[in-house]
Amino acid sequence: MDRDSNHPMMDKVEVEAILDLLQNRIQGRAKALEFGCGGSTVTFSQYAANWISIEHDDYWAKRMRSALPSSSPVEILVSPPDFPHSGMTPAKEGQFKSYIASAKKICPEDGFDFVLVDGRARIDCILELHRSRLLGDGSIVVLHDFRRNRYISRLGEILEAYDLTSALTSGNLRGLGVFEYRGLGKANSSGSPASSSRRHNPQLST
Ligand SMILES: C[S@@+](CC[C@H](N)C(=O)[O-])C[C@H]1O[C@@H](n2cnc3c(N)ncnc32)[C@H](O)[C@@H]1O
């Protein structure tokens with residue numbers, strides 16, 4: 001990859017959707033976590049109360065730290081793969097166990113309000129947020145590249161603890177899934193995903 005490190009690796013409409021969530025739904029108060037740092041860290045961290053990124057690549061973390069203003073309170077935590085991996089190939093079983101688990105070590109007492117999932121082993125990161133109780137009820141989790149088959153095929157696992165509140169998926173977009181955490185209430189319910197408890201209208205475009 002050789003893109004401008006100051007801009008999120010996302011389409012403009014996806015950037016705008018995330019900014020809208022941070023500014024209007026969470027209103028700048030978010031204790032935010034990101035898996036996979038980049039221009040997104042530079043752009044979005046300004047709209048959160050706290051921002052921590054978990055990154056697997058030490059070189060990239062250093063580069064992003066230097067792209068942030070020296071006064072920035074953003075923290076980038078490096079957690080390398082547990083066994084070697086090549087490039088951006090899909091994560092293998094167990095390869096990012098430490099990376100996934102590192103969220104628990106830095107979790108604020110009352111959980112994260114907002115999590116952007118745009119790094120490695122994305123679905124396992126989302127499931128870990130629930131399993132280790134790292135979110136509050138109503139916290140927002142955004143999955144970038146939502147349209148990938150390997151993510152869509154695991155949507156059912158996510159919906160056991162989250163509601164899908166919107167999905168940007170039209171045209172050439174790689175897709176953005178916005179999930180709202182429903183916590184134990186949803187996890188313990190025996191019924192199907194709690195569409196009746198959705199607080200927001202889904203804007204599914206495909
Ligand atoms: C999809 S990218 C994450 C991008 C970030 N969330 C953003 O939107 O700017 C996933 C991983 O690719 C690597 N990466 C991101 N941007 C890169 C770049 N411009 N050049 C090389 N590696 C990059 C980092 O290791 C990052 O965790």
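Two strands count as paired if DSSP finds at least two bridges between them. Helices (H or I, at least four residues) and strands (E, at least two) are DSSP runs, numbered from the N terminus. The model is predicted: local features need pLDDT of at least 70, side-chain atom pairs count only at pLDDT 80 or more, and totals for chains, interfaces and linings use all residues. Residues are numbered from 1 along each chain as its sequence is written.

The protein chain holds 8 helices and 7 strands. Of its 206 residues, 37% are buried, where buried means that 20 or more other C-beta atoms lie within 10 Å of the residue's own, exposed means 12 or fewer, and partly exposed is in between, with C-beta atoms placed from the backbone. Two residues are in contact if their C-beta atoms, placed from the backbone, lie within 7 Å. Among the contacts with a separation of 6 or more, 62% are between residues 24 or more positions apart.

The 7 strands form an open sheet with mixed pairing, in the order β3-β2-β1-β4-β5-β7-β6. At its edges stand β3 (75–78) and β6 (162–168); each has a single partner strand, so one side of each is left without a neighbour in the sheet. On average, neighbouring strands of this sheet are turned by 20° against each other, direction ignored; the axes behind such angles are lines fitted to C-alpha atoms, for helices over the stretch in contact, and angles run from 0 to 180 degrees between N-to-C directions. Strands of a sheet pair through backbone hydrogen bonds, either parallel or antiparallel.

Strand β2 (residues 50–55) runs parallel to β3 and is joined to it by 4 bridges. Between β2 and β3 the chain passes through helix α3 (residues 58–67), a β-α-β crossover that is right-handed. Right-handed means that, with the strands pointing away from the viewer, the path from the first strand over the helix to the second runs clockwise.

Next comes the pairing of β1 and β4. Strand β1 (residues 31–35) pairs with strand β4 (residues 112–117) in the parallel sense over 4 bridges, and Phe 35 has Val 117 in β4 as its bridge partner. Glu 34 is found in β1. This residue counts as buried because 26 other C-beta atoms lie within 10 Å. Leaving aside neighbours within four places in sequence, Glu 34 is in contact with Ser 40, Thr 41, Trp 51, Ser 53, Leu 116 and Asp 118. Its C-alpha atom is separated by 9.4 Å from that of Ala 103, 69 residues apart along the chain.

With 19 other C-beta atoms within 10 Å, Ile 26 is partly exposed. Beyond neighbours within four places in sequence, its contacts are Leu 21, Asp 113, Phe 114 and Ile 140.

In β4, Val 115 is buried, with 26 C-beta neighbours inside 10 Å. Setting aside neighbours within four places in sequence, Val 115 is in contact with Leu 33, Leu 129 and Val 141. Val 178 is 63 residues away from Val 115 in sequence and 10.0 Å away in space, C-alpha to C-alpha.

Strand β5 (residues 135–144) is mostly covered, with 7 of its 10 residues buried. β4 and β5 run parallel and are joined by 5 bridges; Leu 116 stands opposite Val 142 in β5. The chain crosses from β4 to β5 through α5, and this β-α-β crossover is right-handed. Helix α5 (residues 122–131) has as its buried residues Arg 122, Asp 124, Cys 125, Ile 126, Leu 129 and His 130. Just after α5, Arg 133 takes a positive phi of about 55°.

On its other pairing, β5 meets strand β7 (residues 176–181) in the antiparallel sense over 5 bridges. Here His 144 has Leu 176 in β7 as its bridge partner.

A nonpolar core is a set of buried Ala, Val, Leu, Ile, Met, Phe, Trp, Tyr and Cys residues joined through C-beta atoms within 7 Å. The largest one has 47 residues, and those with the most contacts inside it are Val 117, Val 141 and Val 142. Apart from neighbours within four places in sequence, Val 142 is in contact with Ile 18, Leu 116, Val 117, Leu 176 and Val 178.
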